[in-house]
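Hi everyone, thanks for coming. Please take a moment to look at the sequence and the structure, and then I'll walk you through a few places in it.

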Amino acid sequence: MENNKVLIGQLTDPNISSLYNYFDSFIDLDSSVEWDVNTNKLTVNQEQITPSSIFMRYNVFEESTWNKYNNFYLFKNYILTNNVKAYNSKHKESEVTKLYNLKLAEKYNLNIPRTVYALKHSNDNMIVKPLMGGSHASEGNEAIHPCIIQQKITGVNKRLFIVKNKTFCFDIITNYLDYRDDANPTIQESTIDKETITNSKKLARKLGLNFCALDFINDNNKNWFLEINTMPMFSAFNEYANNKLSKTIYEELQ
């Protein structure tokens, strides 16, 4: 369904209700929303939509829920990814997170896993991840509230630090699904192919980052991009690199 000017919010918000009759379509922020990141198919209450412009407002007149909160930030990711005109916000890259960065990484020829934003996915062998960060990944294909459900890839965790134009790569050896749950993972300096480094630098430049870390999983020599961290922790990695990482940050970021 081709949607032109779409209003997103809740009618219990008087600001939204005053706009309701002027817009071509209305989406209640508490709706069932799914976004297939790989195909870019967006559905609301099982109906596919393609908005050309959006006015969106979070409802401060009712209690917040994870469903409304996540849907609000999902639409921010979608707006920026698809260059949809947003009436009341510019939605800069710094305001959104994983899904926009994932689609952008795909444009720069980084491999991305099968990914949806939803409550449930029909495929097995999936993991559940938060949309905005904070929580750790867990195994499964169903969540309590809408979030990222992504193909589970088994392999070696890799972290690629970019400091201006210099790079440092590490392997993180662990048996945990999310290495942050492992109190004692094995970290070792490693390498990653030049094409991945080149494309990662392009992604970092697009996001305006001169210091960041990209997470990959290497499966049978194929590097799968998971996410980019704009303010990554680095002290543990620096120890394994004999302080070269900290020294480079000091030298390059003047």
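How many bridges join strand S3 to strand S4? There are 4 of them, and the two strands, residues 33-36 and residues 41-44, run antiparallel. One example is Glu34, whose bridge partner in S4 is Thr43.

Before I go on, a word on where this comes from: it is a predicted model, where local features need pLDDT of at least 70, side-chain atom pairs count only at pLDDT 80 or more, and totals for chains, interfaces and linings use all residues. Residues are numbered from 1 along each chain as its sequence is written, and side-chain values use heavy atoms, with hydrogens and water left out. Strands here are DSSP runs of at least two residues (E), helices are runs of at least four (H or I), and both are numbered from the N terminus.

S3 and S4 belong to an open sheet of 7 strands, with antiparallel pairing, in the order S5-S4-S3-S8-S11-S9-S10. Two strands count as paired if DSSP finds at least two bridges between them. At the edges stand S5 (47-48) and S10 (138-139); each has a single partner strand, so one side of each has no neighbour in the sheet.

Next, find Gln150, which sits in strand S11, residues 142-151. Is Gln150 buried or exposed? Gln150 is buried, with a relative accessible area of 2%; buried means under 20%, exposed over 50%, and partly exposed in between, using a 1.4 Å probe and protein chains only. Its side chain has polar contacts with the side chains of Thr115, at 3.1 Å, and Lys129, at 3.2 Å. By polar contact I mean a pair of N or O atoms within 3.5 Å; within protein, one must be able to donate a hydrogen and the other to accept it, and residues adjacent in sequence count only if both atoms are side-chain atoms.

Finally, the nonpolar cores: sets of buried Ala, Val, Leu, Ile, Met, Phe, Trp, Tyr and Cys residues joined through side-chain atoms within 4.5 Å. The largest has 46 residues, and Leu74, Phe75, Leu203 and Phe225 touch the most other members. Helix H2, residues 66-81, gives this core its largest share, 7 residues. Another core lies apart from it, with 13 residues, including Val163 and Phe170.
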